Amino acid sequence: MTTADTPPMSTPISMVVEQFSTFRSDGQFIPFSVGKDTIIFPGYDGGAEWGGKADQIQQTITHGIRFASDPDTRISEMPGFGDIITPEQITQVSAYVASLSGKVQDASLIEPGAKVFAENCVACHGANAKGNREFGAPDLTDAIWLYGSGEAAIAAQVRAPKHGVMPAWIDRLGETKVKELAVYVHSLGGGE
Ligand code: HEC
């Protein structure tokens, strides 16, 4: 992703962000009251103004992902299992993961695969394989595949994972633009 690829910032979004800045946002959560607007996002948990998940998007845009020169960048990454589990176990666990979102060639692999998954993968992807944002571990039950769907692609990822990298944008865009972008990305619907 380069600066040229960033989504165009429309004037309405700048206006919204400008309006946001007039809202109450002084740290600790303050209960709502008449006459003063308060920012609430879907997924809002009563804890913080920029709660929900927009602040996490902002954090990611600000510091990037595995961007070595930013000390606050997100860093967790999937280990390669090529030397950790056997080729047979990789086949089994790949069948199990593929079965979560559809069809599998050999259904007899699913049960042993679930066992391999429980022993090696749940720490990051979760017991229900729904992922864990703290580790940047994707949901393996949805239709979104970063590196290809199907048993072969899954096995390749397990054997020798690809890791996404995203640069930190804070120095290039500044805090206001990053905040705008976070709001914009959040508004695309992937956020909560
Ligand atoms: C230390 C945490 C961690 C463990 C353990 C882990 N993963 Fe991952 N996994 C990740 C992360 C993070 C990614 C995203 C790729 C990246 O950027 O490193 C990922 C990506 C994937 C993908 C690609 C998803 C996509 O959208 O294309 C698959 C498939 C996968 N993992 C399966 C597994 C399986 C099966 C195991 C167990 C054998 C496992 N993972 C163990 C963290 C982990």
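The model is a predicted one, where local features need pLDDT of at least 70, side-chain atom pairs count only at pLDDT 80 or more, and totals for chains, interfaces and linings use all residues. Residues are numbered from 1 along each chain as its sequence is written.

I will start with the overall make-up. The chain has 7 helices and 0 strands. Helices here are DSSP runs of H or I with at least four residues, strands are runs of E with at least two, and numbering goes from the N terminus. In order from that end, the elements read α-α-α-α-α-α-α. Of the 192 residues in the chain, 24% are buried. Buried means that 20 or more other C-beta atoms lie within 10 Å of the residue's own, exposed means 12 or fewer, and partly exposed is in between, with C-beta atoms placed from the backbone. As for contacts between residues at least 6 apart in sequence, 55% of them join residues at least 24 apart. A contact requires the two C-beta atoms, placed from the backbone, to lie within 7 Å.

Next, the ligand. Which residues come nearest to the ligand? They are Met78, Cys121, Cys124, Leu146 and Tyr147, out of 27 residues around the ligand. A residue counts as near if its C-beta atom, placed from the backbone, lies within 6 Å of the molecule or strand in question. At least two shell residues come from each of helix H3 (87-99), helix H4 (110-120), helix H5 (122-125) and helix H6 (151-159). By class, the shell has 19 nonpolar, 7 polar and 1 charged. For the classes, Ala, Val, Leu, Ile, Met, Phe, Trp, Tyr, Cys and Pro are nonpolar, Asp, Glu, Lys and Arg are charged, and the others, Gly among them, are polar.

Now the helix pairs. Two packed helices are described by the angle between their axes and the distance between the axes. The axes are lines fitted to C-alpha atoms, for helices over the stretch in contact, and angles run from 0 to 180 degrees between N-to-C directions.

H3 and H6 have axes 9 Å apart and an angle of about 125 degrees. The two helices are therefore oblique to each other. The scheme calls angles under 35 degrees roughly parallel, over 145 roughly antiparallel, 65 to 115 roughly perpendicular, and the rest oblique. On the H3 side the contact uses Ile90, Thr91, Val93, Ser94, Ala95, Val97 and Ala98, and on the H6 side Glu151, Ile154, Ala155, Val158 and Arg159. That contact has 8 nonpolar, 2 polar and 2 charged residues.

For H3 and H4, the angle is about 100 degrees and the axes are 7 Å apart. H3 is therefore roughly perpendicular to H4. From H3, the residues Gln89, Gln92, Val93, Ala95, Tyr96 and Ser99 meet Ile110, Pro112, Gly113, Ala114, Val116 and Phe117 of H4. This contact has 8 nonpolar, 4 polar and no charged residues.

H2, residues 54-63, is mostly covered, with 7 of its 10 residues buried. The buried ones are Ala54, Ile57, Gln58, Thr60, Ile61, Thr62 and His63. Just after H2, glycine 64 has a positive phi of about 75 degrees.

Glutamine 58 and valine 183 are 125 residues apart along the chain, and their C-alpha atoms are separated by 8.1 Å. Valine 183 sits in helix H7 (residues 170-190), and counts as buried because 20 other C-beta atoms lie within 10 Å.

Glutamine 157 belongs to helix H6. Is glutamine 157 buried or exposed? Glutamine 157 is buried, with 20 other C-beta atoms within 10 Å. Apart from neighbours within four places in sequence, glutamine 157 is in contact with Tyr147 and Lys162. Between glutamine 157 and glycine 80 there are 77 residues of sequence separation and 7.8 Å in space, C-alpha to C-alpha.

Last, some loop residues. Isoleucine 84 lies in the loop between H2 and H3, and is exposed, with 12 other C-beta atoms within 10 Å. Alanine 129 lies in the loop between H5 and H6. Alanine 129 is not a glycine, yet its phi is positive, near 65 degrees. Alanine 129 is buried, with 20 other C-beta atoms within 10 Å. Serine 149, in the loop between H5 and H6, is partly exposed, with 15 such atoms within 10 Å.
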